[in-house]
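Dear colleague,

A summary of the findings follows it.

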Amino acid sequence: MSSISTSYTEPAPRLSPLVPAASVQDFTEVERHSSLYLCKFIDVKAGGVICSVPCAIIESSILKEKLEALQVGECLNLEGVTFPELQAFLEVVDARLVSGDGNFTIRQWVSALSVADVLQLGHIRSYVAKSIEEGLTRLDPFECIEVAERRRTQEWLLQPFRRICQRAQPLSPSEILRLGPDRASAVAKARENLMKVIHSKGLFDTIYGGSRLYLSAQNTLANHALQVVKAEPSLSQLAPEQHEVLNTGALRDDTKISTTSLSSSNLIVIKLRDRLYRLPLHYFGNKSLIHELASKVGQGPVNLPSDLHTSDWEAYLKIITARPYEQPEPTFAFSEWMGGLRVARKVDHSPASAFIFSQIQKSYPDQDAVDLLEAARLSQAPPSTWLKARYATLSERPTAISPEEMRRMGEEASAEVCRMREQAAYKRGRKEGEVNSTAHQVHQPPETKYDLPEKEKGPGQKQSPPGRPAEMKSKPKGKPSRQSDYTLQDRPPGSDYHLPAIPQGNLPATPQGKYYDPPATPQRNDYNLPAIAQGKHCDVPATPQKERLLSPGCATRDKTQSVPSMVDALEHPKDPPPSKLPW
């Protein structure tokens with residue numbers, strides 16, 4: 001029994017292939033899928049070797065009429081095709097979008113091209129020829145030269161020789177032996193001519209110093225290398241054709257039977273509900289759950305769980321069987337990509353998951369961010385700038401993240417989105433607070449300063465507002481002022497000199513019966529002592545020499561502390577005079 005766990009305890013399928021099942025032959029044609037059940041094969045003979053090939057490949061070729069005329073038990077003979085060429089052709093034809101075609105050698109491509117010419121398969125030949133042209137710039141240049149000579153294609157010589165002349169390493173002894181003396185000498189001469197161009201263009205240090213060439217310098221170097229190759233006839237033209245000696249042993253009919261990746265013996269039967277599917281086992285990867293269970297099934301089919309949706313399963317099969325040479329090019333909707341991705345995750349098919357996610361990234365950049373993050377969770381995508389952009393999109397969304405969206409995105413994505421949404425909310429609140437604070441300052445009425453009493457104001461000077469004492473004198477410039485006239489009393493230990501605020505208009509009366517409410521100014525009086533009017537003494541209660549002045553309403557503090565120097569000045573106002581106090 002095998003199962004697969006996903007985030008948020010998503011129901012995982014339980015594949016149970018060990019349950020007894022009827023043999024494949026007991027199922028009727030109605031239960032077989034029309035295109036995803038490979039059942040028709042034909043025996044093909046090439047170079048004295050017989051192998052089985054799906055009829056779908058031959059049916060679209062020129063041999064279709066010959067195929068229909070075959071009797072039961074007969075095999076189709078491909079004249080002029082060797083078995084290695086047929087084997088390479090079947091491997092190239094079996095290329096899929098999921099697996100890619102970057103691992104084929106130039107020999108395999110050329111062999112596939114030869115068989116495609118014999119079978120006159122136009123769409124496969126176009127695909128192979130295009131791949132060969134691209135491979136001439138990245139595959140082994142010496143193999144490219146050899147297959148160009150074998151195929152007698154002169155156009156395939158230029159790019160391999162250009163790469164040999166352009167590279168930094170000179171020819172090795174084995175490479176000289178492989179090219180022959182004539183072409184090796186021509187390559188050495190072309191490299192000498194190219195070296196002069198490299199020096200004249202200032203590219204020597206860049207090439208041989210290991211630095212990376214810019215695109216413009218690469219194009220310049222490639223163009224000059226191509227020119228020196230074209231100037232040498234032995235490099236731009238095919239060598240004289242050499243006739244091979246006929247091997248008499250090849251005339252004997254030593255027929256062998258071989259299998260390929262597309263042979264019927266390498267297929268697997270899968271059953272979902274009441275429908276059968278039959279495909280090559282390697283389509284599901286070597287480490288997938290289906291591949292693991294197929295080794296335990298024997299002759300019976302692999303039974304898929306009933307909670308697996310048929311639409312998702314068939315979308316997954318269509319994706320992993322899509323060919324790069326199909327006409328028209330296969331296309332899938334976003335829902336099909338997501339359905340195939342869910343199945344690939346459940347059966348642990350990692351290459352299919354990575355391929356589907358890459359196609360979603362490329363084809364659906366404007367899809368809903370929650371859908372894209374769900375795809376990232378299913379494919380187990382690593383952190384990237386692409387994911388951060390989707391997080392940022394959700395952080396700016398006005399609506400909150402719902403529980404269903406969190407389940408779809410997964411724990412890690414949900415936590416990151418929530419964190420970014422909190423940051424975005426804090427920034428918005430801070431910005432709104434700054435706007436409101438600015439608006440409050442703009443609408444706040446300016447403060448009115450009262451410099452002189454009413455009776456001393458001259459013409460054009462501001463008058464005192466109603467309800468305020470007109471006799472209030474102005475505060476001398478540079479002199480500290482007090483906001484209240486509180487008598488200081490003892491406070492408990494540990495308290496500081498903090499006087500309570502006095503409401504506006506409820507000021508205590510001084511012994512002279514006048515009110516003083518000057519505007520607040522920076523004070524240099526650290527002990528909050530009452531202000532002293534000019535020419536008058538302030539009545540301060542006597543305080544013991546070692547007792548600290550405290551405000552009312554506080555507990556008693558330790559009285560052993562030293563008395564501030566300002567208290568002495570208040571008790572003896574003659575030295576210095578009150579009008580010239582230091583504070």
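Buried means under 20% relative accessible area, exposed over 50%, and partly exposed in between, with a 1.4 Å probe and protein chains only. Helices (H or I, at least four residues) and strands (E, at least two) are DSSP runs, numbered from the N terminus.

Please note that this is a predicted model, in which local features need pLDDT of at least 70 and side-chain atom pairs count only at pLDDT 80 or more, while totals for chains, interfaces and linings use all residues. Residues are numbered from 1 along each chain as its sequence is written, and side-chain values use heavy atoms, with hydrogens and water left out.

Leaving aside neighbours within four places in sequence, Phe89 is in contact (heavy atoms within 4.5 Å) with Ile57, Ala112, Val115, Ala116, Leu119, Leu121 and Ile124.

Helix α4 spans residues 106-119 and includes Gln108. The Gln108 side chain reaches the backbone nitrogen of Thr105 at 3.0 Å. Beyond four places in sequence, Gln108 is in contact with Ala88, Glu91, Val92 and Asn103. Ser114 also has its place in α4; its relative accessibility is 16%, so Ser114 counts as buried. With neighbours within four places again set aside, Ser114 is in contact with Glu85 and Arg151.

**Strand β9 and its partners**

Which strands pair with β9? Strand β3 (residues 32-37) runs parallel to β9 and is joined to it by 2 bridges; two strands pair if DSSP finds at least two bridges between them. Tyr37 has Arg278 as its bridge partner in β9. Strand β8 (residues 267-272) pairs with β9 in the antiparallel sense over 6 bridges, and Ile270 has Tyr277 as its bridge partner in β9. The hairpin of β8 and β9 has 2 residues between the strands, and Arg273 takes a positive phi near 60° there. Strand β9 itself (residues 275-280) has 5 of its 6 residues buried, so it is largely enclosed by the rest of the structure.

**Helix α17**

In helix α17 (residues 369-379), 11 of the 11 residues are buried, so this helix is largely enclosed by the rest of the structure. The buried residues include Asp371, Glu374 and Arg377. At the start of α17, a side-chain oxygen of Asp368 comes to within 3.2 Å of the backbone nitrogen of Val370.

**Cysteines**

A search of the whole structure finds 0 disulfides (pairs of cysteine sulfur atoms within 2.5 Å). Cys55, at 10% relative accessibility, counts as buried, and Cys144 counts as buried at 0%.

**Confidence**

The protein averages a pLDDT (the predictor's confidence in each residue, from 0 to 100) of 74, and 63% of the residues score at least 70. Over residues 1-25 pLDDT stays under 50, and the model has 58 contacts beyond four places in sequence for them. Over residues 244-253 pLDDT also stays under 50, with 1 contact beyond four places in sequence.

With kind regards

Note on methods
Polar contact = N/O pair within 3.5 Å; in protein donor to acceptor, adjacent residues only side chain to side chain.
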